[in-house]
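Reader: I would like to go through the contacts in this model and the rules behind each label. Please set each value against its definition.

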There are 4 protein chains.
Amino acid sequence: MEIRVLDKGFVRLVEVFGDDFSAVQAARVSYGKGLTTTERDRKLIYYLMEHGHHSPFEHIIMKFHIKLPIFVMRQLVRHRIASINERSGRYTEFKEDWYVPDHIRTPDSKNKQGSVITSNEKLTGEAIDLIEMAIEKSFEAYNRLLEMGVARELARIVLPTSMYTECYWTINIRSLMNFLNLRADSHAQWEMQQYALAIAEIFERCCPLTYEAFLKYGYTGDLLKLQER
Amino acid sequence: MEIRVLDKGFVRLVEVFGDDFSAVQAARVSYGKGLTTTERDRKLIYYLMEHGHHSPFEHIIMKFHIKLPIFVMRQLVRHRIASINERSGRYTEFKEDWYVPDHIRTPDSKNKQGSVITSNEKLTGEAIDLIEMAIEKSFEAYNRLLEMGVARELARIVLPTSMYTECYWTINIRSLMNFLNLRADSHAQWEMQQYALAIAEIFERCCPLTYEAFLKYGYTGDLLKLQER
Amino acid sequence: MEIRVLDKGFVRLVEVFGDDFSAVQAARVSYGKGLTTTERDRKLIYYLMEHGHHSPFEHIIMKFHIKLPIFVMRQLVRHRIASINERSGRYTEFKEDWYVPDHIRTPDSKNKQGSVITSNEKLTGEAIDLIEMAIEKSFEAYNRLLEMGVARELARIVLPTSMYTECYWTINIRSLMNFLNLRADSHAQWEMQQYALAIAEIFERCCPLTYEAFLKYGYTGDLLKLQER
Amino acid sequence: MEIRVLDKGFVRLVEVFGDDFSAVQAARVSYGKGLTTTERDRKLIYYLMEHGHHSPFEHIIMKFHIKLPIFVMRQLVRHRIASINERSGRYTEFKEDWYVPDHIRTPDSKNKQGSVITSNEKLTGEAIDLIEMAIEKSFEAYNRLLEMGVARELARIVLPTSMYTECYWTINIRSLMNFLNLRADSHAQWEMQQYALAIAEIFERCCPLTYEAFLKYGYTGDLLKLQER
C-alpha cells in the first residue's frame with residue numbers, strides 16, 4: 001500500500017504487526033476470557049478507547065517507508081515513541097530531488113501562527129519561481145563543493161530543508177494516534193498534514209475498528225471525519 | 001513456539017514482526033543501496049552490532065505471552081521500552097496457582113548479594129514445605145475474604161508474590177538485547193534467569209544472525225554462549 | 001514537604017527542578033521573546049495547556065521519596081516515563097511493616113470492576129482481623145525461612161503484596177499529569193488514589209499556575225477539584 | 001556556565017537537578033543505608049558504573065540552552081530520552097545568523113564515511129567562499145519571499161541547514177552518557193563533536209565523581225580522556 005504525497009513524496013506501508021484483534025487479545029489477558037465474537041470485539045475496542053485504556057493499542061505496530069522534505073522530517077522526528085532510520089547525508093549524496101509547492105500560503109490575518117492559501121495568481125507564480133530558483137542555486141553550490149573535493153557531510157550544509165529525504169518509521173498505534181491528534185489537525189503545517197492524512201488512511205485500512213473507535217472517542221484534531229457507512 | 005519455565009510458567013511467542021533482514025533493510029535506507037546477498041547482510045548485521053549502531057534493531061519486534069510469578073513480573077516490568085498488559089487482580093480472581101521452588105538457595109559467602117543452591121537435603125525439604133504451607137495459608141485467607149464478600153482488589157493484598165500472573169509483552173530487539181544483558185546474567189535472580197534464557201532461545205530461533213552478532217559484539221552478561229557451528 | 005498516606009506510608013518531595021516559570025521559559029524559546037509579566041506568564045501557561053502543547057511542561061521535574069505497599073508500587077511502576085529506584089528485597093530484609101486497611105470494600109453492584117466501602121461493621125471487623133492475621137503468618141514464615149538460612153531473595157516470595165516498600169521516583173510534570181489523569185480518578189484502586197491525591201497536593205504547592213491550568217484544561221479524572229479563590 | 005561552540009553557537013547550563021550525591025541517594029534506597037562518607041559515596045558511584053547499574057544516574061538532570069546549526073540539531077533530536085523545545089521557524093523569523101566553517105574537510109581515504117581537515121589552502125579558501133555565498137543567496141531569497149507576503153513557514157523551506165537555531169534541552173545523566181558515547185566520538189560529524197565536548201565539560205564540572213566513573217567504566221567513545229589528578 002503506497003500513497004503519493006506532495007509533488008514527489010510518498011508514504012508506503014512496509015509491514016503491519018497485528019490488527020484490530022491484537023489490542024483485544026492484549027486487553028483480554030487483563031480482563032479474563034469470555035466468548036469472543038466480532039461484535040464483542042468491536043464493543044471492547046470502543047470501551048477501551050472511550051475509557052482511555054490505551055495500552056492495549058501499543059501491541060499493534062506499523063512500519064512505514066516515507067519520502068518527505070527535510071522540514072517535514074524535522075517535525076516527524078519529534079515523536080519520540082517511534083523508531084526511525086533516515087537516509088544519511090553523510091554516507092549518501094543528495095540527488096536533484098526537492099519539494100516545490102504548487103500553491104503559496106500567506107499569513108492568516110485571523111491566526112498569527114497560521115497561514116492561508118492565496119488566490120493571488122501573480123504572487124503565486126512569482127513566489128514559486130523564486131523558491132524553485134533559490135533551491136536550484138543551492139543544489140548547484142552543493143554539487144560544486146562535491147566536485148572540489150569537499151566531504152559530503154560538510155557540503156550538504158548549504159542545502160535547503162526542502163530537499164527530499166527518506167526514512168523507515170516504525171510506530172505503535174497508541175503513539176500513532178497521538179501523532180494524528182497533533183499532525184492531522186489544521187494547526188499543523190499544510191505539508192505535514194498531507195503526510196498525516198496519508199498515514200491515517202493506511203491506519204484505517206489496516207485497523208478499521210480501531211480507527212473508527214479512535215475517531216469517535218480519542219481524536220482531538222479537526223481534519224479527520226468518520227465516514228457514514 | 002512455547003517454552004516451559006519453572007514449575008508452571010511459560011514463555012510463548014505470539015508473533016514476530018520482521019526478521020534478521022528487517023534491521024538490514026532499515027540500515028540500508030541510511031547507507032544507500034547496493035547488492036544484497038545473505039553474506040553481505042550478515043556482514044552488515046555484524047558491522048552494526050560491532051559499532052554500536054543499534055537503532056536498526058528496533059524495527060524487529062516480538063510479542064510474547066508469559067506466565068510468571070509476581071516477583072519475576074516485578075522485575076520484567078522495570079524494562080520501560082516495552083508494552084505490557086498484565087492480567088488484573090482487580091477484574092479477575094487468582095486461581096490456586098503459585099510457584100514452589102524445587103531447590104533452596106542460601107546466601108553466597110563470596111557475594112553478599114547473591115545466593116547459591118544448597119546441597120543440604122534436610123534444609124531443602126523443610127524450607128520447601130514451609131514455603132508451600134505458607135502460601136497455601138495465604139491463599140485460604142484470600143478465598144475466605146472473597147467468600148465473606150470482600151472486593152477482589154482488597155482481598156488480594158494477602159496473596160504472596162509467588163502467585164502466578166500472566167502478561168502480553170511486546171518488545172523490540174534493541175530493548176530485548178538490553179534486557180538480556182541484565183537478566184541473562186548470573187547477577188539476576190535465578191528464577192528471572194530462567195525466563196531470560198527461554199526468551200533468548202526464542203530470539204535465536206527467530207533471528208539467528210542478529211543473535212549471533214549480539215553474542216559476539218553486544219552481550220555483556222555471562223550466561224549465554226555462542227555455539228560452535 | 002511530606003504527606004502521610006494510608007496507615008504507615010508517605011509521599012515526600014525530595015527536590016523540585018524548576019517551577020511554573022520553567023515551562024514558560026521553554027515555550028518562549030519557540031515563540032520568541034516579548035515582555036514577560038506574571039499575568040502574561042499565566043496566560044501563556046493557560047494557552048499551552050488549552051491547546052495541548054504539553055512539551056514545555058517536561059522541563060519541570062519532581063523527585064519524590066515514597067513509602068507504599070507493594071500492590072500500589074505495582075501500579076506506580078507502570079508509568080514508564082519516570083525514573084524509579086526501589087528498595088531491593090534481595091539486598092535488604094523486609095521489616096515488620098505492612099498495610100492494614102481501616103475499612104473494607106465490597107464489590108460495587110453498579111460497576112463490576114469497582115468497589116464500595118461497606119458500612120457492615122461485623123464484616124469490617126472480621127475481614128480486617130483475617131487480613132491482619134494472614135499477613136502476620138506470612139511474615140512469621142519469612143522470618144523462619146531466614147533463620148533456617150534461606151536467601152532473602154527466595155524467602156521473600158511468601159510475603160504478601162501488602163508489605164511496605166520504598167522508592168525514589170523522579171518524574172516530569174507532563175508525565176505526572178498523565179499519571180493524575182489515570183490515578184486521581186474514581187476508577188483507580190482506593191489506596192492508589194490516596195497516593196495520587198498526595199502527589200497532586202505537592203504539585204499544586206510547587207507549581208500553582210500549572211496545576212490550575214491543568215485542572216481547567218487538561219485533567220480527565222474526577223477526584224481533583226479547582227478551588228475557588 | 002556557558003561555553004562558546006563553533007563560530008556563533010553556545011552551550012549554556014540553565015540549571016542542574018541534583019549532583020553526584022543524587023545517584024548515591026537513589027541507589028541507597030535499594031541497598032539500604034549505612035555510613036556515608038565522601039569516600040564511600042565515590043566507591044558506590046564507581047561500583048554502580050562498573051556493574052552497569054545505570055538507573056540511579058537518571059535522578060541527576062541537566063537543562064541546557066543551546067544555539068546550534070540545524071544540521072547539528074537534526075542529530076541532537078535523535079536522542080529520544082530528553083525533552084526539547086526548539087525555536088519555531090513558523091512563529092519567528094530567521095535572523096542573518098548561520099554557521100560558516102573555518103576549515104574544510106575532505107573524504108577520508110581510510111574511512112569512506114569519515115572526513116579529514118584539508119591543509120590545501122586554495123581549496124579551503126574557495127570552498128569557504130562558495131559556502132558563504134550560497135547561504136547568503138538563500139537568505140536573500142527567504143527575505144524576498146517574506147517581503148512578497150509569503151508565510152514564514154513556507155518561505156523558510158529555501159533556507160539551508162547551516163542556519164542557527166536554538167533549543168532548551170533537558171536530559172538525565174544516564175541518557176547524557178549514552179549521548180556522549182555516540183557523539184563525543186571521532187565517528188560523529190566534527191561540528192557535533194564540538195557540542196558534545198562542551199556538554200561533557202559542563203557535566204564534569206557539575207558531577208566530577210560521576211564523570212570520572214563514566215570515563216573509567218562506561219564510556220565507549222574515543223575523544224574524552226580522564227585527566228591525571
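**Contacts and the rules behind them**

Author: Between chain C and chain A, 2 residue pairs, both at pLDDT 80 or more, are in polar contact across the interface. The model is predicted, so local features need pLDDT of at least 70 and side-chain atom pairs count only at pLDDT 80 or more, while totals for chains, interfaces and linings use all residues. Residues are numbered from 1 along each chain as its sequence is written, chains are lettered from A and ligands numbered from 1 in the order in which they are written, and side-chain values use heavy atoms, with hydrogens and water left out.

Reader: What makes a pair a polar contact?

Author: A pair of N or O atoms must lie within 3.5 Å; within protein, one must be able to donate a hydrogen and the other to accept it, and residues adjacent in sequence count only if both atoms are side-chain atoms.

Reader: Why is the pairing of A:R80 with C:E58 called a salt bridge?

Author: The rule asks for a side-chain nitrogen of Lys or Arg within 4 Å of a carboxyl oxygen of Asp or Glu. The closest N and O atoms of A:R80 and C:E58 are 2.6 Å apart, so the pair qualifies. Across the interface of chain C and chain A, the rule finds 2 salt bridges.

Reader: How many residues are in contact on each side of chain C and chain A, and what area do the chains bury?

Author: Contact means heavy atoms within 4.5 Å, and 8 residues of chain C meet 8 residues of chain A. Buried area is the accessible area (1.4 Å probe) lost when two parts are put together, summed over both; here that is about 660 Å², with 34% on carbon and sulfur atoms. C:E58, C:R80 and C:Q113 supply 41% of the area that chain C buries against chain A, more than any other three residues.

Reader: Which domains make up chain A, and what salt bridge involves A:R105?

Author: Chain A has domain 1 (2–87 + 163–227) and domain 2 (105–158), with bounds from an automatic or database domain assignment. The two domains bury about 310 Å² between them. The salt bridge of A:R105 is with A:E191, N to O at 3.0 Å, which falls within the cut-off and therefore counts.

Reader: How do you know that the UniProt "binding site" positions do not all gather at one spot?

Author: The unreviewed UniProt entry lists positions including A:Q75, A:E86 and A:R183. They span 109 residues in sequence and the farthest two C-alpha atoms are 28.8 Å apart, so they do not all gather at one spot. Such annotations may be inferred rather than shown by experiment.
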